[in-house]
Amino acid sequence: MDFSKDLICENVTATADGRLHFAGQDTVALAEQYGTPLYLMDEDRIRNRARVYRDTLRECFGDKGHALYASKACSFKRMYAIMAEEGLGVDVVSCGEMATAYKAGFPMERAYFHSNNKTDGDIEYALDCGVGCFVVDHPEELTAISTIAARRGIVQPVMLRITPGIDCHTYEAVATGKVDSKFGSAIVTGDAARITRQALDLSGVKLEGFHCHIGSQVFDASVYIATVDVMVDFLKEMQDAFGYTTEKLDIGGGFGVRYVAADPVIDIAASIREVAEYMKKKVAEVGISMPHVYMEPGRSIVADAGMTLYTVGAVKRIEGYKNYVSVDGGMSDNPRFALYGSEYTVLPAARMGAPRDMIADVVGRCCESGDIIQPDVPMPADMKRGDLVAVLTTGAYNYSMASNYNRIPRPPVVMLRDGESYLAVRRETLDDIVSLDE
Ligand SMILES: *Cc1c(COP(=O)(O)O)cnc(C)c1O
């Protein structure tokens with residue numbers, strides 16, 4: 001049996017007797033121990049990816065190179081503790097993410113507060129938590145932050161989110177660097193220069209620099225090179241216009257991961273080096289001093305560190321039409337096909353060697369026809385109730401996007417490390433489900 005299309009990441013293997021292993025551990029045994037649906041996460045892989053960013057940015061920029069983890073990709077206390085240990089900063093986009101980081105003991109001076117709509121309550125809470133830097137989306141928000149900070153007698157460090165106007169050739173829904181994006185202030189419209197002037201004039205904030213994020217699932221360093229090109233020109237303009245020297249430039253997250261065998265494998269370290277080399281050249285060319293450089297990956301740190309296991313409840317064969325394999329989870333734990341049509345590699349975890357001679361849609365248990373994990377999956381024709389199904393590369397934007405639709409409890413997150421497993425997030429109970437109801 002040729003597993004080359006199945007084993008899309010080095011932490012995914014199969015034994016001779018056809019059992020899928022993840023992070024060196026038997027998925028069948030893990031499903032028995034913890035039940036399904038089940039999120040698994042490979043802690044060593046998470047740490048390894050975090051180190052690739054951290055170490056390569058340091059290698060390229062010395063103490064001016066910094067990696068942040070965009071925690072919206074997968075957020076729970078243990079994840080922030082791991083990032084703290086690995087020396088990364090984090091991006092947070094809500095009070096919920098801030099509270100989780102704070103309660104995990106994350107050093108909040110290394111937290112960057114994003115979001116395109118921070119309420120006054122959010123701003124107050126972030127200041128209470130001691131968030132190091134706010135990444136400001138628009139002028140009204142900037143005024144609000146300055147006012148609240150001034151009232152507290154502090155000066156809050158901020159960066160400004162700039163839209164460089166680059167289309168990263170990815171899905172519209174995740175392409176955010178274009179001029180008409182809901183995020184940030186565009187350079188071409190003059191909004192970016194205006195908000196810079198405003199930040200320099202306000203007394204409650206200290207402008208530390210600029211941020212941009214052009215999109216997600218990017219496989220090509222040239223997208224970042226184009227971004228650096230536009231952003232460094234912008235830094236030069238701000239220096240010429242306002243005498244402002246930028247301390248920090250964040251060029252965003254977004255490197256791609258492999259969901260299916262057809263997706264390319266990217267060498268993240270090599271791509272960062274390529275971008276860094278261009279950045280140094282460009283900075284020297286325009287004649288500004290080198291700022292601290294930040295990258296803020298989410299997906300590429302956690303995605304292929306994750307796998308979801310499900311148990312089949314029914315196989316429905318509609319003769320001459322279609323086959324369905326229904327599993328005990330669905331869009332409630334993985335809404336990404338429903339939202340974006342995202343591709344996934346789906347495997348019969350206990351029977352990897354069996355011929356896959358049935359094409360079926362693997363669907364969830366939610367009352368919604370769009371509740372599809374993945375259409376047209378090759379599966380063994382005799383697949384039946386009780387069989388185990390694995391979905392690969394579910395570490396990013398699965399747990400963090402999970403819902404209680406249909407009042408389905410969310411699965412637990414089990415971490416795998418050194419041949420051991422432990423709970424990072426326990427399974428929701430039916431009591432949890434009704435716990436907010438008066
Ligand atoms: C989502 C997001 C990221 C992370 O993107 P990935 O594709 O998960 O790497 C980084 N920065 C900002 C501002 C984001 O919104």
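What follows is a short tour of this model, from the whole protein down to single residues.

## Ground rules

This is a predicted model, so to speak of a local feature takes pLDDT of at least 70 and side-chain atom pairs count only at pLDDT 80 or more, while totals for chains, interfaces and linings use all residues. Residues are numbered from 1 along each chain as its sequence is written, and side-chain values use heavy atoms, with hydrogens and water left out.

## The whole protein

The fold has 12 helices and 21 strands (DSSP runs numbered from the N terminus: helices are H or I with at least four residues, strands are E with at least two). The radius of gyration is 23 Å, close to the 22 Å that the globule rule gives for 438 residues, so the protein is as compact as a globular protein of that length. That radius is taken over C-alpha atoms, and the rule is 2.2 Å times the number of residues to the power 0.38. The C-alpha trace spans about 70 × 55 × 45 Å along its principal axes.

Of the 438 residues, 57% count as buried (under 20% relative accessible area; exposed is over 50%, partly exposed is in between, with a 1.4 Å probe and protein chains only). Take the contacts (heavy atoms within 4.5 Å) with a separation of 6 or more: 70% of them join residues 24 or more positions apart.

## Enclosed space

Rolling a probe the size of a water molecule over the atoms shows where empty space is left. A search of the whole structure turns up 5 cavities of 30 Å³ or more. On a 1 Å grid over the protein atoms alone, a cavity is a set of points where a 1.4 Å probe fits but cannot get out; a pocket is an open set with protein on both sides within 12 Å along at least five of seven lines, and lining residues have an atom within 4 Å of a point. Points are joined across faces, edges and corners, and a volume is the space filled by probe spheres set on them.

The largest cavity comes to about 50 Å³. Helix H2 (43-61), helix H9 (268-286) and strand E13 (292-295) each supply at least two lining residues, with the largest share, 4 residues, coming from H9. Among the lining residues are Leu57, Phe61, Ile272 and Met295. By class, the lining has 9 nonpolar, no polar and no charged residues (Ala, Val, Leu, Ile, Met, Phe, Trp, Tyr, Cys and Pro are nonpolar; Asp, Glu, Lys and Arg are charged; the others, Gly among them, are polar).

Strand E16 (346-348) and strand E18 (372-379) each give two or more residues to its lining, and E18 has the largest share, 5 residues. Of the 18 lining residues, Lys5, Asp6, Tyr344, Thr345 and Pro378 lie nearest the centre. The lining here divides into 10 nonpolar, 2 polar and 6 charged residues.

Helix H3 (residues 77-86) buries Met79, Tyr80, Ala81, Ile82, Met83 and Glu86. Just after H3, glycine 87 takes a positive phi of about 80°. In helix H4 (residues 95-103), the buried residues are Glu97, Met98, Ala99 and Ala101, and their cover includes H3, strand E6 (89-92), strand E7 (111-113) and helix H5 (120-129).

Glutamate 124 sits in H5 and counts as partly exposed at 25% relative accessibility. Leaving aside residues up to four places away in sequence, glutamate 124 touches Ile148, Arg151 and Arg152.
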